[in-house]
Amino acid sequence: MPQVPDWLRIWYRKPQWRDIRDYTRQLNDEDIRPTRSSSPNQTSGQSSSIPNRLALDRVLENKTCSPMSLHDFYMYLQHIEHSAENLEFYLWYKNYEAHAQRSASRGNAAEMDGEEVLPPPPGYTDPRSWGEIPGVSGAPATIEAKRSFSSISESIMKAEPPCARLARPETKWTDRFFWWSPSTTTGSTMEQQLISRPAPCARGTCPVDPNDVEKGPAVLPLQLSTQLSKAAPQAGNRAELDAAIARFLQPGAEKELNISHPLRQRTLAKLQVSSDPQHLKPVADHIYEVMKNCSHRNFVALGVATGSYETICVGNLIGIACVLGGFLLVLLRALYPHIGAHSRWEVFDSWPLWWLGTTVPLLGTQGMCSIMLSLSKRQTLPWEKFEEDNSASAQAQRAKLTGTTRWWRRYRAFMDRTIVYDRKMVKVEDKNLRTLQRLIMFQCSVGGAVAACLAVLLFIFLPVWKETAR
């Protein structure tokens, strides 16, 4: 079925939450007792509730900005779903596969050019002959591979999104209105004028280039290949693979993947006789399906929010108060000082209250605050609160409330997380996410206007107005 373009998706539907444990258990049961003929990648297309510019592939390629960046996705998997090993394994597999293809292509290119091939060192095996049984990897290469694997999470944490890579220091306010700056001299060259212009991402907005020029460098800087350069290529590849098996695939491993037992045994049996990356592809497809149909959906559902749970609760109370105020105003107009004293058109005086009282709760269902949306800012997301709760300022704030009463501590803790007292507002850097948030705000405003019009029609024809009273 062809996908609907983004500009035709008028009404946005928030992705439904999926429990990763139940979804993974279902996939493992299907692997033990297959019930479908097609592969996972063919049956699971892009969800219609997730825009193409926020798809999982763009997140894995580090093309998205905060709070949809690769760093945020890793923090979400680590603190919310507790499945960070899925992302670490998948990124390592793509890196391992790309390195294997480059090694094979270099060998083919050397043969086609007719270059003289030097004799291989002792113990070296051509990467194209990975079907053969390799020898036991050397101890130095194994130690280096294990050390490199311990830095995978650090490499993901330090991956810079495109907005951070292209941003420049903030320019003067005059540069926002003129192509030239008053501080530049008349004899400045064209190169200096181009340098003085603000960068396209200087204010946190990255331009959407159809050619995807904002794609950054690889997340994993091929540390394994660099550290194992002194060893034979085949020994380095085998040591890297052995370290991955001990870290992800062996039962009881440090970061054991949640895959079915038959899939694990088949993969381990094939890897015992070959280092071909194709043997890891079924495991990588399984992990990719879990991230795409479960983890990424939940990540987008939480990341699209701009307000905390406390802010949404306060907003819902304000919305309910506005709706009740609209009904009270209509009743006072209809019955005070007596029936038939006011015109029916005065019902529209309550229309703004009904519109606001309906729009705010509708935005709350999407986890959004209208004030934060208008400022293109957001409060801290659930995976960002883990770092704040362990900070020194948070601990000092909790120490100040130890001597107060219990209800007052709860009230202060609740209000400190609303936009009234929260001073840790962060700008939404991803332009595509801001576009989605504005679309949600527009559709909630339309829904509030429709509800307000229905409320007006409910009261405007009652026999209590000057035109209808007898």
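Colleague: Setting aside its neighbours within four places in sequence, which residues is tyrosine 336 in contact with?
Modeller: Leu331 and His342, leaving out the neighbours of tyrosine 336 within four places in sequence. Contact means heavy atoms within 4.5 Å. This is a predicted model, in which local features need pLDDT of at least 70, side-chain atom pairs count only at pLDDT 80 or more, and totals for chains, interfaces and linings use all residues. Residues are numbered from 1 along each chain as its sequence is written, and side-chain values use heavy atoms, with hydrogens and water left out.

Colleague: Where does tyrosine 336 lie?
Modeller: In the loop between helix 14 (309-335) and helix 15 (351-365). Helices (H or I, at least four residues) and strands (E, at least two) are DSSP runs, numbered from the N terminus.

Colleague: Is tyrosine 336 buried or exposed?
Modeller: Tyrosine 336 counts as exposed because its relative accessibility is 60%. The cut-offs are under 20% relative accessible area for buried and over 50% for exposed, with partly exposed in between (1.4 Å probe, protein chains only).

Colleague: What kind of peptide bond joins tyrosine 336 and proline 337?
Modeller: A cis one, with omega about -5 degrees. Proline 337 is in the loop between helix 14 and helix 15. Serine 66 and proline 67 are also joined by a cis peptide bond, and omega there is about 5 degrees. Proline 67 sits in the loop between helix 3 (56-60) and helix 4.

Colleague: Helix 4, then. At what angle do helix 4 and helix 13 pack?
Modeller: At about 100 degrees, with the axes of helix 4 (residues 70-81) and helix 13 (residues 281-303) 11 Å apart. Therefore helix 4 is roughly perpendicular to helix 13. Axes are lines fitted to C-alpha atoms, for helices over the stretch in contact, and angles run from 0 to 180 degrees between N-to-C directions. Angles of 65 to 115 degrees count as roughly perpendicular, under 35 as roughly parallel, over 145 as roughly antiparallel, and the rest as oblique.

Colleague: Which residues make the contact?
Modeller: Helix 4 brings Asp72, Phe73, Tyr76, Leu77 and Glu81, while helix 13 brings Met291, Cys294, Ser295, His296, Asn298, Phe299 and Leu302. The residues of this contact of helix 4 with helix 13 are 7 nonpolar, 3 polar and 2 charged. Ala, Val, Leu, Ile, Met, Phe, Trp, Tyr, Cys and Pro count as nonpolar, Asp, Glu, Lys and Arg as charged, and the others, Gly among them, as polar.

Colleague: What is phi of histidine 82?
Modeller: Near 55 degrees, a positive value in a residue other than glycine. Histidine 82 is in the loop between helix 4 and helix 5 (84-112), and it is exposed, with a relative accessible area of 60%. Serine 376 also has phi near 55 degrees, again positive and in a residue other than glycine. Serine 376 is in the loop between helix 16 (370-374) and strand 1 (377-378) and is buried, at 14% relative accessible area.

Colleague: How far apart in space are histidine 82 and isoleucine 20?
Modeller: 9.6 Å, C-alpha to C-alpha, although they are 62 residues apart in sequence.

Colleague: Which residues of helix 1 are buried?
Modeller: Ile20, Tyr23, Thr24, Leu27, Asn28 and Glu30. Seen down the axis of helix 1, these buried residues fall within an arc of 160 degrees, so they line one face of the helix. The arc is that of the directions from the helix axis to the C-beta atoms.

Colleague: And in helix 12, which are buried?
Modeller: Leu263, Arg264, Thr267, Leu268 and Leu271. Their arc around the axis is only 125 degrees, which puts them on the same side of helix 12.

Colleague: Last one: where is glutamine 437 placed?
Modeller: In helix 20 (residues 431-460). Glutamine 437 is buried, with a relative accessible area of 3%. Leaving aside neighbours within four places in sequence, glutamine 437 is in contact with Gly303, Val304, Ala305, Thr306, Met368, Leu373 and Val428.
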